[in-house]
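Welcome, and thanks for opening the viewer. Keep the selection tool at hand, and we will walk through the model one stop at a time.

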Amino acid sequence: VTLVESGGGVVLPGGSQRLSCTVTGSPFSVRRMAWYRQAPGKQRELVASVIRGNTNYADAVRGRFSISRDNSKNIVYLQMNRLQPEDMAIYYCNAEVQYSKVSYDYVELWGQGTLVTVLS
């Protein structure tokens, strides 16, 4: 089971971008899904998360970013609007995965990261 991200790239300030993350390998269950980001010289921080339909956002992105998921395909999206230079970072997908019906524990997985560059 792995997380595969896509959608990063270069965008102008005020622009929009959508990130996607697919959980591959057909896990038995995917619980919480989230997006984190890490800017140069800074710690990784939570951007948004979704669990059982409930969403949570960092103050810096609330109202501009939207997280959603397609449970049938195990995909989580991050729609980013009104992007600013301070949003430039490597964005990481994160998911809590139950590998099989007999493995009761959830394992936390990370994607490889996708770079979002906002020109200034």
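Before we start, one convention: two strands count as paired if DSSP finds at least two bridges between them. Please also keep in mind that this is a predicted model.

**Stop 1: the whole chain**

Show everything as a cartoon. How many helices and strands are in the protein? There are zero helices and eleven strands. Read along the sequence, then, the pattern is β-β-β-β-β-β-β-β-β-β-β. The radius of gyration is 14 Å, close to the 14 Å that the globule rule gives for 120 residues, so the protein is as compact as a globular protein of that length. Turn the view along the principal axes, and the C-alpha atoms fill a box of roughly 50 × 25 × 25 Å.

The accessible surface comes to about 6,500 Å², and carbon and sulfur atoms account for 49% of it. Buried residues make up 43% of the 120 residues. Among contacts between residues at least 6 apart in sequence, 55% join residues at least 24 apart.

**Stop 2: the disulfide**

Select cysteine 21 and cysteine 93 and show their side chains. Their sulfur atoms are 2.1 Å apart, and the two residues form a disulfide. A disulfide is a covalent bond between the sulfur atoms of two cysteines. A search of the whole structure finds one disulfide.

Which parts of the chain does the pair tie together? Cysteine 21 lies in strand S3 (residues 17-24) and cysteine 93 in strand S9 (residues 89-98), so the bond links parts that are 72 residues apart in sequence. Look along the S-S bond: its torsion is about -85°, so the disulfide is left-handed. Are these cysteines buried or exposed? Cysteine 21 is buried, at a relative accessible area of 0%, and cysteine 93 is buried at 0% too.

**Stop 3: the four-stranded sheet**

Four strands form an open sheet in the order S1-S3-S8-S7, with antiparallel pairing. Strand S1 (2-6) and strand S7 (65-70) stand at the edges with a single partner strand each, so one side of each has no neighbour in the sheet. From one strand to the next, the twist averages 15°.

Zoom in on S7 and strand S8 (residues 75-80), which run antiparallel and are joined by six bridges. Pick serine 68, which lies in S7. Its bridge partner in S8 is tyrosine 77. Not counting residues up to four places away in sequence, serine 68 touches Ile75, Val76 and Tyr77. With 34% relative accessibility, serine 68 counts as partly exposed.

**Stop 4: strand S4 and its partners**

Select strand S4 (residues 29-38). Eight of its ten residues are buried. On to its pairings: S4 runs antiparallel to S9, joined by eight bridges, and pairs in the antiparallel sense with strand S5 (residues 45-51) over five bridges.

Then follow the chain through the hairpin of S4 and S5, which has six residues between the strands. There, glycine 41 takes a positive phi near 80°.

**Stop 5: along strand S9**

Now select S9, where nine of the ten residues are buried. S9 and strand S10 (residues 107-110) pair in the antiparallel sense over four bridges. Three bridges join S9 to strand S11 (residues 114-118), also antiparallel, and there tyrosine 91 stands opposite threonine 114.

**Stop 6: a buried aspartate**

Finish at aspartate 87, in the loop between S8 and S9. Is aspartate 87 buried or exposed? Its relative accessibility is 1%, so aspartate 87 counts as buried. Show what surrounds it: leaving aside neighbours within four places in sequence, aspartate 87 is in contact with Arg37, Arg64, Phe65 and Arg82.

Conventions
Residues are numbered from 1 along each chain as its sequence is written. This is a predicted model: local features need pLDDT of at least 70, side-chain atom pairs count only at pLDDT 80 or more; totals for chains, interfaces and linings use all residues. Side-chain values use heavy atoms; hydrogens and water are left out. A disulfide is a pair of cysteine sulfur atoms within 2.5 Å. Helices (H or I, at least four residues) and strands (E, at least two) are DSSP runs, numbered from the N terminus. Buried means under 20% relative accessible area, exposed over 50%, partly exposed in between (1.4 Å probe, protein chains only). Axes are lines fitted to C-alpha atoms, for helices over the stretch in contact, and angles run from 0 to 180 degrees between N-to-C directions. Contact means heavy atoms within 4.5 Å. The radius of gyration is taken over C-alpha atoms; the globule rule is 2.2 Å times the number of residues to the power 0.38. Accessible areas come from the Shrake-Rupley method with a 1.4 Å probe; for residues, only the protein chains shown count as cover.
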